Number of protein chains: 2
Amino acid sequence: MSKEIGTREADFSKWYNDLVVKADLAEHSAVKGCMVIKPYGYAIWEKMQQALDKMFKDTGHVNAYFPLFIPKSFFSKEANHVEGFAKECAVVTHYRLKNSENGIVVDPDAKLEEELIVRPTSETIIWNTYRGWIQSYRDLPLLINQWANVVRWEMRTRLFLRTTEFLWQEGHTAHATAEEAIAETKQMLDVYAEFVENWMAVPVVKGVKTPNERFAGALDTYCIEAMLQDGKALQAGTSHFLGQNFAKAFDVKFSNKEGKLDHVWATSWGVSTRLMGALVMSHSDDKGLVLPPKLAPFQVVIVPIYKGDEGLKMINDTVAPIKKALEAKGISVKYDNRDTQRPGWKFAEYELKGVPVRIAIGERDLQNGTIEVARRDLLSKEILPIAGIENKIEALLNEIQENLFKAALKRREESTQQVDTLEQFKQALEKGGFVSAHWDGTPETEQKIKEETKATIRCIPLNNKKENGKCIFTGKPSEQRVLFAIAY
Amino acid sequence: MSKEIGTREADFSKWYNDLVVKADLAEHSAVKGCMVIKPYGYAIWEKMQQALDKMFKDTGHVNAYFPLFIPKSFFSKEANHVEGFAKECAVVTHYRLKNSENGIVVDPDAKLEEELIVRPTSETIIWNTYRGWIQSYRDLPLLINQWANVVRWEMRTRLFLRTTEFLWQEGHTAHATAEEAIAETKQMLDVYAEFVENWMAVPVVKGVKTPNERFAGALDTYCIEAMLQDGKALQAGTSHFLGQNFAKAFDVKFSNKEGKLDHVWATSWGVSTRLMGALVMSHSDDKGLVLPPKLAPFQVVIVPIYKGDEGLKMINDTVAPIKKALEAKGISVKYDNRDTQRPGWKFAEYELKGVPVRIAIGERDLQNGTIEVARRDLLSKEILPIAGIENKIEALLNEIQENLFKAALKRREESTQQVDTLEQFKQALEKGGFVSAHWDGTPETEQKIKEETKATIRCIPLNNKKENGKCIFTGKPSEQRVLFAIAY
């Protein structure tokens with residue numbers, strides 16, 4: 001298989017799909033809309049999971065596991081929720097196969113009395129469980145997270161960004177007051193923003209969704225929005241204040257310190273393998289992936305350039321202590337001295353895979369006590385002395401991590417446009433990026449703008465500046481700008 | 001809710017169910033046969049996962065993720081496999097709900113062309129994928145593991161031991177030769193045995209299954225078998241040599257070094273949340289859980305015994321450096337100084353939860369520079385000086401880990417019986433434990449023994465001693481004893 005990928009300029013969408021498959025991140029499976037996450041892609045996801053899991057635990061959360069299946073009747077209990085998810089539910093109706101003249105068929109005698117939905121999200125099954133766990137204010141807050149697979153039947157799919165099955169975490173918390181629940185909602189939004197910016201090196205705008213874009217069943221949906229290289233926005237994570245909706249639907253009450261019964265206040269929040277798509281689309285280039293060092297399965301690759309067994313042996317001896325010194329600093333290193341591939345092939349391979357730093361070492365280097373160090377983000381190289389190289393590489397990895405964030409932030413800022421008329425608005429969308437504009441605050445206008453331009457309101461940024469203006473669509477008065485974009 | 005659990009003597013099964021629920025490990029969900037794994041139980045499972053995952057990676061495996069759904073036609077491709085799993089498959093037939101006069105119903109217009117099976121195990125979808133990944137001997141071995149949920153429709157369920165949905169890992173490897181695949185199968189059996197013995201402190205017998213008990217589609221199934229306190233056996237893990245069955249069913253070929261095409265050789269191996277049941281049934285007592293220190297969510301709990309705020313403050317000041325010194329040694333500690341519960345309540349609670357070591361510290365202890373240290377496994381206590389306590393506790397945790405294993409091993413050895421007649425065999429089963437007996441080697445006899453006594457052949461132990469004898473059932477000649485038991 002050719003390792004060639006297209007260019008972003010020629011066809012961003014094709015470039016992305018080629019890259020995801022050829023860099024061994026994921027591929028389409030035989031099951032429509034479902035992907036296979038390949039080992040290299042899964043290794044990145046594991047690093048994301050570890051970092052997030054630690055952040056969740058550091059903020060007092062614990063993990064648990066709830067059933068994959070949700071009885072259909074549970075779904076109907078929260079009206080907005082079922083409305084939002086009914087159209088994309090995978091439904092289990094039978095529990096047995098049997099042999100027949102036509103081969104293996106579903107056994108019609110093994111029909112379920114009540115159909116089961118494969119969870120698209122777990123609010124309903126979890127709140128039905130919480131009813132048994134919460135009696136008193138002493139049981140609150142309940143701060144639980146789940147790592148799981150979920151299924152939302154999608155007609156048009158794209159690796160990582162939109163798949164029928166995906167992996168995610170979903171936090172579900174219960175609180176004694178609305179204030180506490182709102183504070184939790186915002187805290188988890190901050191956790192997500194910190195992770196996406198500091199680990200993924202992707203800058204995000206924190207904001208709140210308009211009612212049109214809220215999670216089905218939420219009173220408020222907070223979000224982080226990223227801007228990708230093609231000028232499209234991506235919702236990277238959401239944190240919902242659910243009010244007492246699910247507590248009322250599932251009759252979850254607690255007695256407060258005064259012994260009075262009240263419904264519990266809820267939040268839920270999640271990020272998914274979608275983040276993998278954001279990562280790829282933020283930093284990668286026409287040569288392949290560019291990974292931030294904090295999430296790279298290995299941060300440094302060492303490639304020997306040699307002739308004959310004797311040459312290789314000498315290089316092996318030089319590389320061993322370098323590798324050891326790097327690993328002692330917690331840096332992950334791969335030494336690729338396979339003789340089945342040539343150095344040029346390896347260089348291209350590790351560029352495609354986005355390894356942050358490549359070290360090449362040849363026989364002449366041995367004489368000079370030097371090595372060649374190449375950084376993936378800038379595709380630049382320099383010759384450095386071997387002595388003390390571990391400190392140089394450590395600093396370089398930090399520099400790459402920071403540089404990726406800065407470059408992405410600069411790109412986002414340059415592509416964020418402020419406009420005051422519908423004409424300007426359309427031109428700005430043409431160019432791509434976030435478009436900051438006045439809107440009259442009604443769902444109807446939001447819907448009409450979407451129909452005419454495909455742009456949606458990504459969010460009302462938190463701590464948004466108040467500013468009197470006129471809606472770009474209706475000319476009605478507006479008191480703040482909101483962020484529009486074409487989104488994935 | 002009462003924290004009382006029954007006794008093992010009175011009703012082992014009730015004791016187990018009570019304990020699992022009341023110690024906050026798991027509970028039944030609203031979905032028949034599916035459980036909720038509660039935070040305390042999930043914390044133990046996470047520790048198991050971490051230890052196993054490291055062992056898999058240390059033996060060269062990487063993680064990946066394959067789809068939850070398997071097209072029905074894939075199932076039919078390996079005849080024994082579909083035969084083995086057809087009766088317990090959850091089947092997805094529709095992909096949408098809709099509103100109707102009768103409320104939310106499954107939309108009959110959204111029927112799938114081909115039904116999807118919720119994976120009961122992933123050989124078929126994985127081998128269908130491997131066809132695209134393997135062309136040459138250079139692509140082998142392929143050493144992949146998956147952490148996932150699976151569904152097998154069970155009519156009679158029991159928390160952890162047999163549930164419709166469970167969590168597990170499944171390794172799926174591909175090799176160039178039968179010898180390599182068999183070596184892998186045995187290596188992973190050893191990994192499992194090492195984990196179950198050294199982490200869970202549960203001794204196991206390593207063996208091979210008879211054809212009757214083989215995994216559907218395997219040429220050989222290796223297993224580890226544990227003996228629980230009630231005299232029943234539990235299959236704790238299996239490792240399968242699959243031959244070329246799945247490679248042939250899914251047409252997975254590779255060209256060897258000579259350029260000749262051949263089908264690939266396969267293994268698969270798995271352990272599941274079933275291990276949680278083995279853990280509970282091996283060590284726990286009538287007061288509650290007993291956890292091996294290596295898997296306890298926290299290894300030490302410290303309970304202050306005080307009067308008034310001033311007394312608590314003095315104890316807090318003394319506990320802080322003790323906690324710090326223990327944590328510096330990598331020991332996990334919980335200091336429970338809540339004022340909402342009395343010390344006696346806390347003692348009972350942490351006994352129920354199986355915390356390996358409990359430290360109690362009162363005001364008199366402050367004067368003497370001592371603390372009371374209680375170990376959960378023996379329910380014994382001693383007064384120890386605070387100075388250097390972290391070294392004592394570290395040694396004590398190791399001792400508890402070892403003692404649990406030794407006690408379980410002693411119990412197993414005492415309950416393993418060797419018999420030579422059917423009469424003795426039945427008496428031995430009555431007492432419980434492993435029964436070592438001669439068998440004529442035929443599936444028919446094995447089946448008849450099962451029908452008459454409910455006992456199954458748990459395994460033919462590896463490196464079994466050859467010994468001429470007569471089958472206890474047919475009197476026909478036999479060349480080795482095998483291990484029978486009543487099993488979960």
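These legends accompany several close-up views of a predicted model with chains A and B.

The model is predicted, so local features need pLDDT of at least 70 and side-chain atom pairs count only at pLDDT 80 or more, while totals for chains, interfaces and linings use all residues. Residues are numbered from 1 along each chain as its sequence is written, chains are lettered from A in the order in which they are written, and side-chain values use heavy atoms, with hydrogens and water left out.

**View 1. Two copies around an axis.** Chain A can be laid on chain B by a turn of 180° and a shift of 0.0 Å along the axis, with an RMSD of 0.0 Å (least-squares superposition on the C-alpha atoms of residues with pLDDT of at least 70 in both copies). That is the relation of a two-fold axis. Look for A:Val92 here: in chain A, its C-alpha is the one nearest the axis, 2.1 Å from it. Both copies use the same surface, as 100% of the contact residues of chain A recur in chain B (contact means heavy atoms within 4.5 Å).

**View 2. A salt bridge at A:Lys38.** A:Lys38 forms a salt bridge with A:Asp24, the closest N and O atoms being 2.8 Å apart (a salt bridge is a side-chain nitrogen of Lys or Arg within 4 Å of a carboxyl oxygen of Asp or Glu). A:Lys38 sits in the loop between strand E2 (35–37) and helix H2 (39–58) of chain A, and A:Asp24 in the loop between helix H1 (12–22) and strand E1 (26–28), so the pair ties together parts that are 14 residues apart in sequence. Helices (DSSP runs of H or I, at least four residues) and strands (runs of E, at least two) are numbered from the N terminus. A:Lys38 is buried, with a relative accessible area of 10% (buried means under 20% relative accessible area, exposed over 50%, partly exposed in between, with a 1.4 Å probe and protein chains only).

View 3. A:Asp336 and A:Lys346 meet through their side chains in a salt bridge of 3.7 Å, N to O. A:Asp336 belongs to the loop between strand E18 (333–335) and helix H10 (343–352) of chain A and A:Lys346 to H10 itself, so this pair ties together parts that are 10 residues apart in sequence. Both residues are buried.

View 4. Strands E20 (residues 370–375) and E21 (residues 380–385) of chain B run antiparallel and are joined by six bridges (two strands pair if DSSP finds at least two bridges between them). B:Val373 has B:Glu382 in E21(B) as its bridge partner. Four residues separate the strands of this hairpin, and B:Leu379 in the turn has a positive phi of about 55°. A salt bridge joins the side chains of B:Asp377 and B:Arg375 (2.8 Å, N to O), and both residues are buried.

View 5. Buried residues of H9(B) include B:Ile315 and B:Val319; among the elements covering the buried residues is strand E19 (357–362) of chain B. B:Ile361 lies in that strand, E19 of chain B, and is buried, with a relative accessible area of 1%. Residues that B:Ile361 touches include B:Ile315, B:Thr318 and B:Val319. Just after H9(B), B:Gly330 takes a positive phi of about 80°.

Definitions and conventions:
Lists of a residue's contacts leave out its neighbours within four places in sequence.
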